[in-house]
Amino acid sequence: MPHHTLLIYSTVDGHTRHICERMKFVLTALGQQVSLVPLDQAESLDLASFERIVIGASIRYGKHRPQVAQFINKHQPLLERKASALFSVNVVARKPEKNQPHTNPYMVKLLRQLSWKPQLAAVFAGRLNYPALGFVDKQMIRFIMLITKGPTDATKAFEFTDWAQVEAFAHQVGALPLPSQA
């Protein structure tokens with residue numbers, strides 16, 4: 001019987017969902033059944049019926065959405081009984097010195113807010129799509145990129161995601177021992 005994995009995502013611009021879709025592809029190829037849902041729909045599911053639960057969250061202006069920590073804190077006992085993982089998607093992770101859970105300031109901050117300690121954690125560099133941004137967001141993000149030596153050409157989109165890293169993480173998720181196997 002294939003193992004059932006739940007991928008939950010919180011996204012602002014849709015890139016975290018794309019990362020989850022790639023993970024779903026890998027996990028399905030490994031023989032797992034995978035459900036992919038946005039965070040706001042996860043509450044309506046029977047979370048206990050899943051063997052693995054993965055939560056992915058993006059940041060905007062240096063913060064994860066508050067609903068991410070709220071969901072995790074509400075379901076912490078369940079998450080601790082399951083094979084579980086957490087990942088963050090942010091453009092700061094484009095820098096080698098900030099692309100690990102213990103070196104990425106946003107992931108460090110999120111983990112400090114939580115009592116839950118996921119079995120696996122990862123940080124993925126995201127995507128910056130200037131043309132899709134509104135005027136104010138575009139100017140604010142350009143300013144941030146100027147300060148952090150990132151791209152500032154507002155006519156282009158920049159993808160920093162290391163897809164091989166995403167796929168390797170999906171393989172790690174697929175190899176997590178299930179509670180009955182631990």
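Let me begin with a term: a residue is called buried under 20% relative accessible area, exposed over 50%, and partly exposed in between, using a 1.4 Å probe and protein chains only. The model is predicted, so local features need pLDDT of at least 70 and side-chain atom pairs count only at pLDDT 80 or more, while totals for chains, interfaces and linings use all residues. Residues are numbered from 1 along each chain as its sequence is written, and side-chain values use heavy atoms, with hydrogens and water left out.

My topic is salt bridges, meaning a side-chain nitrogen of Lys or Arg within 4 Å of a carboxyl oxygen of Asp or Glu.

One joins D13 to R60, with the closest N and O atoms 2.3 Å apart. D13 sits in the loop between β1 (4-10) and α1 (15-29), and R60 in strand β3 (residues 52-60), 47 residues apart. Helices here (H or I, at least four residues) and strands (E, at least two) are DSSP runs, numbered from the N terminus. D13 is exposed at 59%, whereas R60 is buried at 19%.

Another pairs E43 with K74, at 3.2 Å from N to O. Because E43 lies in the loop between α2 (39-42) and β3, and K74 in helix α3 (residues 66-74), this pair ties together parts 31 residues apart in sequence. E43 is partly exposed at 38%; K74 is exposed at 57%.

R127 and E159 also form a salt bridge, at 3.8 Å, linking strand β7 (residues 127-129) with strand β8 (residues 157-159). How accessible is E159? At 43%, E159 is partly exposed.

Finally, salt bridges with shared partners join D13, R60 and D137 into one network.
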